[in-house]
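Hello,

Here is the structure I promised to pass on. Please open it first, then read my notes below.

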Amino acid sequence: MKRFLTNLNSIVAVLLAFVLVQMIGFVALRNPVRVNLSGRTYYQLSEKTLNLLKGLEHEVRVTVFFQEEHALHDDVKNLLKEYEYQSRNIHVEWVDPARDVALTKKLAGQYGLNEAQVVVFDIGENFRVVKQTDIAEMQRVKGIKEPVITAFKGEQAFTSAIYGLIQGDTPKVYFLVGHGEQRITDFDQMAGYSDIGTALLQDNLDVQELMLSGEKGIPEDAAALVIPGPSKRMSPIEVEMIEDYLSRSGRVFILLDALKETGLEPMLERWGVELRNDIVVDPENTLRGSDVHIRRYNAHPICMEMNSIVQFILPRSIMPPELADGSSEDRPSVVPLFFTSEKSWSEMQVEEPTAKFEPEKGDMAGDDRERPISLGVAIERGASETMLDVQIRPSRMVVFGDSDFVSNESMVGGNQDLFMSALNWLLEREELIAIAPKPIEEVRLSLSRSELRKLFWINVAVIPGVAMVFGLLVWARRRK
């Protein structure tokens, strides 16, 4: 009887331990806690994406058409795991186009796909297709057959797709033409704007060109108006149309080149922008003399996540007024966005072949801490935090001192990111401003010949030898 009770006690103890383990597992599955001990944040989602997923009320079905052998397969997989972890409304399904042929044909017909290596985000009857070119920046390298991935933009592309599905209507952005502006329909590899036009389409924006001749005003459906580098003067009527649109809570993005008179100068002066007929020279941040590399950013939503160098070509200064006063709601608030170095200056003698700092001739130094030289400003008027009953949409304008920095030839570094951040701020798409591409981290294990030899003997002799000695000791002990 005593033996029976002892055995029964053991069985009950084992069962209780089993139940306890199952309960711990169940609780852990329901309330997972993860800690990143690696110190790497390659797949870590930004605060903007986390906020978007936190408020996500729709079921989002994500279908991934990627082959396992593809270079982006693991990156896409790991990133989507983070989306699934953060929101129970994200459901991911993987389809291998090479192995799941029948399912691939069915879904390709459903989504109208004509290429593989895409990710489809689907909410009800609406869906967005994200291509591999949207997920990563690739570059051809001499001697390597396949393009090399230089930056991973997965989070930017996926969050933009989800945001576009939730948003519903696609914002329409007009690019002004008719005054020598850069054109999004120009595919010239040097001066064309077709690449930035494509980037806007991929970012869930409707892009169209607009000629004011024959129009009565800026179209009512304009979410923003971009004026990319006009080289000819606009008529006063056209400027009046632009200012009227801006005053009616409009959003305008102006890219001005040096030594070009556009007719916008009086309007910009009324909105608090100080223009000089100059070229900014920055010997400390240039490669060819004509370019200026931007490294100093101001605290503003447009620049808060900028961590790449932006290259302007022959820029002009875009300054806030010397006695800026943004305290009044009627006055535009003008905020400089980025600055040149302390060794830069604003060159006014632009006709001279050699640039030289001459303050007596009107040149302005960049080492003035109270008023450094800025190449871009953000302007807002009508933003009020005191009116609790009535919410008035503020007017917003961004002015940069160069238009060539997003031409097809100049889409390098952080140029496109800065343009997109400025446009997203104008469109109040703050969810997409802070998501920057992540550079590819290449980790190499460098071992000398002697270290390789040591590693070989440790794996071939030492580890098996220790196991064999331990086994012999156990065998000898049992023999006794």
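Start with Phe312: at 0% relative accessibility, this residue counts as buried (buried means under 20% relative accessible area, exposed over 50%, partly exposed in between, with a 1.4 Å probe and protein chains only). Note that this is a predicted model: local features need pLDDT of at least 70, side-chain atom pairs count only at pLDDT 80 or more, and totals for chains, interfaces and linings use all residues. Residues are numbered from 1 along each chain as its sequence is written, and side-chain values use heavy atoms, leaving out hydrogens and water.

Which ring pairs with Phe312? Phe400 does, in a tilted aromatic pair, 6.2 Å centre to centre with 50° between the planes. (Rings of Phe, Tyr and Trp, the last by its six-membered ring, pair if their centres lie within 6.5 Å; planes under 30 degrees apart are stacked, over 60 edge-to-face, the rest tilted.) Phe312 sits in strand S15 (residues 310–313) and Phe400 in strand S21, so the pair ties together parts 88 residues apart in sequence. Strands (E, at least two residues) and helices (H or I, at least four) are DSSP runs, numbered from the N terminus.

Phe400 is also buried, with a relative accessible area of 0%. The structure holds 13 aromatic pairs. Another one joins Phe253 and Phe400 edge-to-face, at 5.2 Å centre to centre and 90° between the planes. Phe253 is in strand S10 (residues 251–255), 147 residues from Phe400. One aromatic cluster takes in Phe253, Tyr297, Phe312, Phe338, Phe400, Phe405 and Phe419.

Best wishes
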